[in-house]
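Me: I would like to go through a model by questions and answers, with the cut-offs stated. Please show the sequence and the structure before we start.

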Amino acid sequence: MVGCGVSGHSQGLIIKTEFLPTKYRGYMLPLSQVFWLAGSLLIIGLASVVIPTIGWRWLIRIASIPGIILIMAFKFIPESARFNVSTGNTQAAVATLEHVAKVNHSVMPEGKLVEPVLEKRGRFADLLDAKYLRTTLQIWVIWLGISFAYYGVILASAELLERDLVCGSKADSEVVVTGGDSGESQSPCYCHMFAPSDYRTMIISTIGEIALNPLNILGINFLGRRLSLSITMGCTALFFLLLNICTSSAGLIGFLFMLRALVAANFNTIYIYTAEVYPTTMRALGMGTSGSLCRIGAMVAPFISQVLMSASILGALCLFSSVCVVCAISAFTLPIETKGRALQQIK
């Protein structure tokens, strides 16, 4: 149920995309990452205080509060004018545009807002129409791969820190777990509480999610969405392999920092591309189905970053790297470049 709710967050980006002029989308949408980062840092900070004192269940309860507040804030979020026009509700669209003009200290242009009402709304079959079939399939591959890499590096970070696997020196160690009345027993689960230094490492690596934002914005706007994404995906593949290098704790933090920066840049770019490549009638549907593939990638990631990594760190890292290479190739060969392209209204 949490997953169902979380997958709906992409609709917020769609609304933002439909309100932004073409020339500002490549700059403003990546800046949304700052708020994602703020939430990530907040939950790590809360975890470092709450888990050692009152437990992880209280962390979940506290983390639910912003979602409850957001539900009450929905009434202040305007409906997309593009959506209202496409459904024939021009009166609501005009009201929204008049509010936009008022906020911007501007005036509405002369004339009447007219747009043909679309008799047929977007359907799943439209995503697989000949015009969009190749684009859709490649986007799905990229979304799945990016999500797989994103959650993979987050979970791998926790695994490497929990097991203290700098140079893999403690991979085969065991910890003693108290089993209640049965006394002490040996367990290979390696579970132990994070130390304050582990939380600091998580915070530092998480800050990496905006480290490449300036370069990401430049790449998106000057190199284009496809080339920019293929470059960052290729670099992600490289840094996954570098995690296997025997290095110091500082080196490990540096690699994790760059990985978080790169996977965040990947998400920025594919969000923008997906929102731009589909017309209004299919935009939410395209983003929603892509988000479903994103959840599949997130579901598979723990089996690799936690289960497979227990057996072979190199095997897990090579698998993550290989998926990123496939995504880089898929991004480079996307049939449509959306840089400087106006949002399409109809198919």
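Me: Which residues are linked into a cluster by ring pairs?
Reply: Rings of Phe, Tyr and Trp (its six-membered ring) pair if their centres lie within 6.5 Å; planes under 30 degrees apart count as stacked, over 60 as edge-to-face and the rest as tilted. By ring pairs of this kind, the cluster joins Trp143, Tyr150, Tyr151, Phe267 and Tyr271.

Me: What kind of model is this, and what do the values rest on?
Reply: Residues are numbered from 1 along each chain as its sequence is written, and side-chain values use heavy atoms, with hydrogens and water left out. This is a predicted model, in which local features need pLDDT of at least 70 and side-chain atom pairs count only at pLDDT 80 or more, while totals for chains, interfaces and linings use all residues.

Me: How many helices and strands does the protein chain have?
Reply: Both are DSSP runs numbered from the N terminus: helices are H or I with at least four residues, strands are E with at least two. On that basis the protein chain has 16 helices and 2 strands.

Me: How many aromatic pairs are found, and what is the geometry of Tyr150 and Phe267?
Reply: The search of the whole structure gives 9 aromatic pairs. In one of them, Tyr150 and Phe267, the centres are 5.2 Å apart and the planes are at 80°, which is edge-to-face. This pair links distant parts of the chain, with Tyr150 in helix α10 and Phe267 in helix α14 (residues 249-277), and the separation is 117 residues.

Me: Why do Tyr150 and Phe267 count as buried?
Reply: Buried means under 20% relative accessible area, exposed over 50%, and partly exposed in between (1.4 Å probe, protein chains only). Tyr150 is buried because its relative accessible area is 4%. Phe267 counts as buried because its relative accessibility is 9%.

Me: Why is the pair of Phe240 and Phe320 stacked?
Reply: The ring centres of Phe240 and Phe320 are 5.0 Å apart and the planes are at 10°, so the pair is stacked. Phe240 lies in helix α13 (residues 225-242) and Phe320 in helix α16 (residues 313-332), 80 residues apart. As for accessibility, both Phe240 and Phe320 are buried.

Me: What surrounds Ser147, and which backbone oxygen does its side chain reach?
Reply: Ser147 lies in helix α10 (residues 133-163) and counts as buried because its relative accessibility is 0%. Contact means heavy atoms within 4.5 Å. Leaving aside neighbours within four places in sequence, Ser147 is in contact with Gly152, Phe267, Cys294, Gly297 and Ala298. At 2.5 Å, the side chain of Ser147 reaches the backbone oxygen of Cys294.

Me: What are the distance and the accessibility for the salt bridge of Arg226 with Glu337?
Reply: The closest N and O atoms of Arg226 and Glu337 are 3.4 Å apart. Arg226 is in helix α13 and Glu337 in the segment after α16, 111 residues apart. Arg226 is partly exposed, with a relative accessible area of 24%, and Glu337 counts as partly exposed at 24%.

Me: Which helix supplies the largest share of the nonpolar patch?
Reply: The patch on the surface consists of Tyr24, Tyr27, Met28, Leu31, Val34, Phe35, Leu215, Leu218 and Phe222, with about 910 Å² of accessible area together. Patches take residues with over 30% relative accessible area and no salt bridge, joining like charges within 9 Å and nonpolar side chains (Val, Leu, Ile, Met, Phe, Trp, Tyr) within 5 Å. At least two residues come from each of α3 (22-31), α4 (33-54) and α12 (213-223). The largest share, 4 residues, is from α3.

Me: How much of the protein chain is made up of buried residues?
Reply: The protein chain has 347 residues, and the buried share is 40%.

Note on methods: Polar contact = N/O pair within 3.5 Å; in protein donor to acceptor, adjacent residues only side chain to side chain. Areas by Shrake-Rupley, 256 points an atom, 1.4 Å probe, with all protein chains shown as cover. Salt bridge = Lys/Arg side-chain N within 4 Å of Asp/Glu carboxyl O.
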